[in-house]
Amino acid sequence: MNKKNEKQYKKSNKVELSENKLTILKTFKVHKEEELLEFLYEHITNDSKNNIKRLLANHQVLVNGAATTQFNFKVYKEDVIQISKNAILKQNKAKIKLDIIYEDDELIVINKPSGLLSIESDNEKSNTAYRILTDYVQEKDKKARIFIVHRIDKDTSGVLLVAKNEKIKNALQHHWQDIVISREYIAICEGKFSLKEGTVRSYLKTNVNNLMYSTNDHRGQLAITHYKVMKENNKYSLVDVHIDTGRKNQIRVHMGDLNHKIVGDNKYGPVSNPINRLGLHAYILEFIHPISKKKMTFKAKIPSCFESLFK
């Protein structure tokens, strides 16, 4: 995403939230594959069938945070269905433009911008990569849908992979740890590293504030992070980071363990913020396709603001 689009995205994020504040009335979890209308008939028992159809027609039904009006839209186990008090507006294409790295009949890979959630959260259901990509695939086929395979943090930019059908989604997720060859990030960290290359290994647990922290307690989740300093100046280091495990906030915690926190990290800070965003970018995802067995490599260009600190 170029600088012009980044400015458009930041501006539109505020506008979209104020225009389309959602009030969720009901939430359901899907336990079996079926059509959306049948699911709604089963679970909204105190409403007439005409009223349920009206909810769909009025864009008040969300599947994993994305609105759909299709009665025969397929829902699958673990999907989350929500009923909104008000209509869900489609994203304004002039505001948020997707940077699509790759697309075929099974997969879509994007360069997700910083500030955009991968999928909905309790606090944000409007601006998500899942919703934007759902709108995108449904322009050609209203019954089409996408499936999140993995996630990257809201404030992290870079390679995000989604599946176009449940079969490939399950194949990828069930074998993720075995098929992924490389997940590499670029981080801007505070200060100069005394050791320019190394590995951080710890067990991660969650504290009372829902923040991750390192411990030697083996009951936590094992996290392994390799790093190598690529460039540095008196204030910052540009670091290539390779992870063996994909734990929540793993890189942010491990860089903090080294006393070199990632810039712009208002969650694990306080830190400086020279580029007005989190200095973390997922720039390589490489894996073996679970069905074709082909090696697939996707790269997201490093943001220009990262490089500009070291010129």
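W176 and F287 are both buried, a term for residues under 20% relative accessible area, with exposed meaning over 50% and partly exposed in between (1.4 Å probe, protein chains only). The model is predicted, so local features need pLDDT of at least 70 and side-chain atom pairs count only at pLDDT 80 or more, while totals for chains, interfaces and linings use all residues. Residues are numbered from 1 along each chain as its sequence is written, and side-chain values use heavy atoms, leaving out hydrogens and water.

**Aromatic rings**

- Rings of Phe, Tyr and Trp (its six-membered ring) pair if their centres lie within 6.5 Å; planes under 30 degrees apart are stacked, over 60 edge-to-face and the rest tilted.
- By this rule there are 6 aromatic pairs.
- Y76 and F147 have ring centres 5.4 Å apart and planes at 70°, so this pair is edge-to-face.
- This pair links distant parts of the chain, 71 residues apart: Y76 is in the loop between β5 and β6, and F147 is in strand β9. Strands (E, at least two residues) and helices (H or I, at least four) are DSSP runs, numbered from the N terminus.
- Y76 counts as buried at 14% relative accessibility, as does F147 at 6%.
- The rings of W176 and F287 are tilted, because their centres are 6.4 Å apart and their planes at 35°. W176 lies in helix α6 and F287 in strand β16, so the pair ties together parts 111 residues apart in sequence.
- Y102, W176, F287 and F298 are linked into a cluster by ring pairs.

**Nonpolar cores**

- A nonpolar core is a set of buried Ala, Val, Leu, Ile, Met, Phe, Trp, Tyr and Cys residues joined through side-chain atoms within 4.5 Å.
- The largest core has 49 residues, and L36, L40, V61, I81, Y185, I251 and I262 touch the most other members.
- A second, separate core of 18 residues includes L107, W176, L285 and A300.

**A buried charge**

- E34, in strand β2, is buried yet has no salt bridge (a side-chain nitrogen of Lys or Arg within 4 Å of a carboxyl oxygen of Asp or Glu).
- The nearest side chain of opposite charge to E34 is K32, 4.6 Å away.

**Backbone**

- Most residues other than glycine have a negative phi, and most peptide bonds are trans.
- The peptide bond from G269 to P270 is cis, with omega near 10°.
- N210 has a positive phi, near 65°, and is partly exposed, with a relative accessible area of 45%.

Methods
Lys, Arg positive; Asp, Glu negative; His and termini not counted.
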